[in-house]
Amino acid sequence: MNKIFYIFLFNILFISKSLALIEIDITRGNLDPLPIAISPLHVDIKSENFDGVKVKNLGENISKIIEDNFRSTGLFNPLKKDAFVQKPDIAHLKPRFEDWRLIKAQALVTGKLLVKDEKLKVEFRLWDLAAAKEMTALAFTTTPSNWRRVAHIISDKIYERLTGEEGYFDTRIIYVAESGPKNQRIKKLAIMDQDGANTKYLTLGNELVLTPRFNPTNQMVTYMSYFRNMPRVYLLDIETGTQEVVGNFPGMTFAPRFSPNGKKIVMSFAKDGNSDIYTMDLDTRVVERITDHSSIDTSPSFSPDGKFIAFNSDRSGLQQIYVMRSDGSGVKRITFGNGIYGTPVWSPRGDLIAFTKMRKGRFYIGVMRTDGSGERLLTENYYQEAPSWSPNGRVLVFYRETKAGSQGEGFSAKLWSIDITGYNERRLKTESDASDPSWSSLLSK
Amino acid sequence: MFNKNLKNILLVIFATLILSACSTAKKSGNIDGDVYTGKETVKYLASGVPDRVFFATNKSSLTTASRATLRKQANFLRKNKNLNVTIEGHADERGTREYNLALGERRANAARDYLMTYGISGKRISVISYGKEKPVNPASTPLAWSQNRRSVTVKVN
């Protein structure tokens with residue numbers, strides 16, 4: 001993997017901390033996205049060539065990625081560039097605000113870049129066109145091959161300035177890439193940028209792999225593999241490729257997830273027909289049994305403060321969601337609605353639990369408060385499950401399968417995302433069929 | 001306390017009545033209740049010894065027919081003392097992946113436990129769950145799902 005992930009911030013210029021006049025309310029579905037003009041970044045004529053990077057087109061390519069990121073949020077409406085009224089370099093110095101207002105833009109992004117001595121120097125500015133003011137500006141230096149990440153970091157900064165929320169563009173998604181007929185599926189671990197670029201395969205498909213999940217604090221991953229026909233939870237370092245079995249259990253371990261500080265894995269261990277929840281401390285290797293019940297207890301997920309674990313259990317008959325303290329005490333059922341509930345996942349903000357609901361042969365992705373109240377179903381389909389949160393707790397990614405014909409034809413599995421408002425449902429681009437997505441934290445944090 | 005017990009007993013009786021009503025009502029073709037009763041996907045460990053048993057949705061209890069099949073398997077294993085088996089547990093596609101892994105494990109163990117009560121050593125029987133990952137019938141129909149809710153006894157040597 002690319003080890004040069006650091007971004008060297010050499011100059012942060014918050015020139016004017018003006019009162020923000022443009023503000024986006026992202027707490028409800030946005031039916032009136034903010035018109036934003038994203039000018040191509042001006043490429044300095046002193047720029048030198050760099051292997052594998054089309055320097056001449058770099059300004060346009062970066063602005064295209066920013067544009068795509070903003071369009072994908074559903075909160076912004078990036079305007080067509082052919083209506084732009086000023087050259088990128090001039091606009092970056094000082095835009096003619098009234099001209100940009102004419103094309104109905106409310107915000108403008110400008111920038112310039114220079115590739116020299118094998119370094120990429122980028123600076124950008126965000127302008128409030130109504131107030132005729134600069135809202136934020138930032139300059140940084142990195143290696144030119146990191147240019148896509150530069151676009152994502154700029155997108156995050158602008159998103160943060162306009163919405164008041166942390167961005168989620170400089171992130172990756174790990175998932176299971178699927179191919180082959182439905183009854184002979186080949187599954188590989190795959191990782192990509194959140195916009196679908198830079199897909200890399202981490203396993204060869206020789207053994208069945210399932211449910212990869214990111215460590216929220218670093219680039220480690222935990223997943224389940226049938227390596228040597230022994231279904232076990234594994235730990236994988238995606239930078240080095242090294243991996244190991246988690247713990248020494250005399251049976252199947254599955255449904256792994258990291259604790260919020262990344263130091264523990266919580267998972268299920270199945271023995272003699274009974275699945276219970278265990279944790280293993282990755283430093284001390286100490287294993288603790290958290291639940292002890294004759295029912296199936298699985299799909300555990302820590303609260304972001306580490307104090308609680310949500311999980312699903314069929315102890316009441318059918319799958320329902322329960323919450324307990326992280327030592328296993330104080331187990332409380334939180335779902336009582338009509339239907340079966342599974343895969344609880346605690347929001348990184350701590351206020352919501354996302355889940356899968358099954359009712360009358362339909363599958364729903366929804367969110368509820370952590371005591372089970374305020375249930376909101378966001379999307380209904382033939383089959384979908386396994387939500388995973390964007391790091392800012394605003395978007396869920398999950399997978400959806402289609403109904404198959406009598407020979408399995410017409411079957412597909414794809415990744416989808418939806419805002420917690422229930423708006424802006426969209427399919428994520430993947431090279432192949434895909435399932436079990438897990439969203440990383442911000443890489444530049 | 002007594003009231004609560006009585007209530008539970010009544011509930012159980014009530015539930016049984018409903019369930020038996022359902023199973024008679026839904027008996028059609030090769031599905032009884034929603035347990036597959038046909039032979040279309042069945043293979044044989046030996047002549048007259050079916051390799052698999054079928055389960056109701058979300059359930060791991062053995063039907064009368066399943067027990068009869070497993071007694072034949074136990075008999076077969078008693079006669080072939082050096083033979084070891086793996087029991088694969090499977091679920092249909094209409095559940096969450098992780099729950100289905102647990103459910104497959106529970107089903108495989110239900111079959112294993114029954115073989116053990118008929119004198120087969122647990123050392124000879126390993127289990128593995130594939131959850132919903134290995135459907136025998138890839139269609140998205142109630143018949144296919146009933147064929148996929150299964151435990152399969154496989155010879156390992």
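In the predicted model, A:Tyr341 stands opposite A:Lys357, a residue of strand β24 of chain A. The strand that pairs with β24(A) here is β23(A), residues 340–346; the two run antiparallel and are joined by five bridges. Together β23(A) and β24(A) make a hairpin with five residues between them. Within that turn, A:Gly350 has a positive phi of about 90°.

A:Lys357 also stands opposite A:Tyr364, which belongs to β25(A). Strand β25(A) covers residues 362–369 and runs antiparallel to β24(A), with eight bridges between them. A hairpin is formed by this pair as well, with two residues between the strands. The turn contains A:Lys360, whose phi is positive, about 45°. Seven of the eight residues of β24(A), residues 352–359, are buried, so the strand is largely enclosed by the rest of the structure.

The largest nonpolar core comprises 80 residues. Those with the most contacts inside this core are A:Tyr175, A:Tyr223, A:Met267, A:Ile353, A:Ala354 and A:Leu396. When residues up to four places away in sequence are not counted, A:Ala354 touches A:Val345, A:Ser347, A:Ile365, A:Val367, A:Pro387, A:Trp389 and A:Leu396. Another core, of 38 residues, lies apart from the largest one and includes A:Leu114, A:Leu126, A:Val150 and A:Leu162.

Helix α4 of chain A spans residues 147–163. At 1.5 Å a residue, its 17 residues should span 24 Å, and the C-alpha atoms at its ends are 24 Å apart, which agrees with that expectation. The helix is mostly covered, since 14 of its 17 residues are buried. A:Gly164 follows α4(A) and has a positive phi, near 80°.

Turning to the complex, the predictor assigns an ipTM of 0.92 and a pTM of 0.90. Between the two chains, 20 residues of chain B are in contact with 34 residues of chain A. On the side of chain B that touches chain A, the elements giving two or more residues are α3 (97–117) and β7 (125–131) of chain B. Helix α3(B) supplies the largest share of that side, 10 residues. By class, the side of chain B that touches chain A consists of 10 nonpolar, five polar and five charged residues.

The loop between α3 and β7 of chain B holds B:Tyr118. This residue is partly exposed, with 14 other C-beta atoms within 10 Å. Neighbours within four places in sequence aside, B:Tyr118 is in contact with B:Arg71 and B:Ala74. The C-alpha atoms of B:Tyr118 and B:Leu70 are separated by 9.1 Å, although the two residues are 48 residues apart along the chain.

Confidence in chain B was also examined. Its mean pLDDT is 88, and 82% of the residues of chain B reach 70 or more. Over residues 10–26 of chain B, however, the pLDDT is below 50. Beyond near neighbours in sequence, this stretch has four contacts in the model.

Key: Residues are numbered from 1 along each chain as its sequence is written. Chains are lettered from A and ligands numbered from 1 in the order in which they are written. This is a predicted model: local features need pLDDT of at least 70, side-chain atom pairs count only at pLDDT 80 or more; totals for chains, interfaces and linings use all residues. Helices (H or I, at least four residues) and strands (E, at least two) are DSSP runs, numbered from the N terminus. The expected span of a helix is 1.5 Å times one less than its number of residues. A residue is buried if 20 or more other C-beta atoms lie within 10 Å of its own, exposed if 12 or fewer, and partly exposed in between; C-beta atoms are placed from the backbone. Two residues are in contact if their C-beta atoms, placed from the backbone, lie within 7 Å. Ala, Val, Leu, Ile, Met, Phe, Trp, Tyr, Cys and Pro count as nonpolar, Asp, Glu, Lys and Arg as charged, and the others, Gly among them, as polar. Two strands pair if DSSP finds at least two bridges between them. A nonpolar core is a set of buried Ala, Val, Leu, Ile, Met, Phe, Trp, Tyr and Cys residues joined through C-beta atoms within 7 Å. pLDDT is the predictor's confidence in each residue, from 0 to 100.
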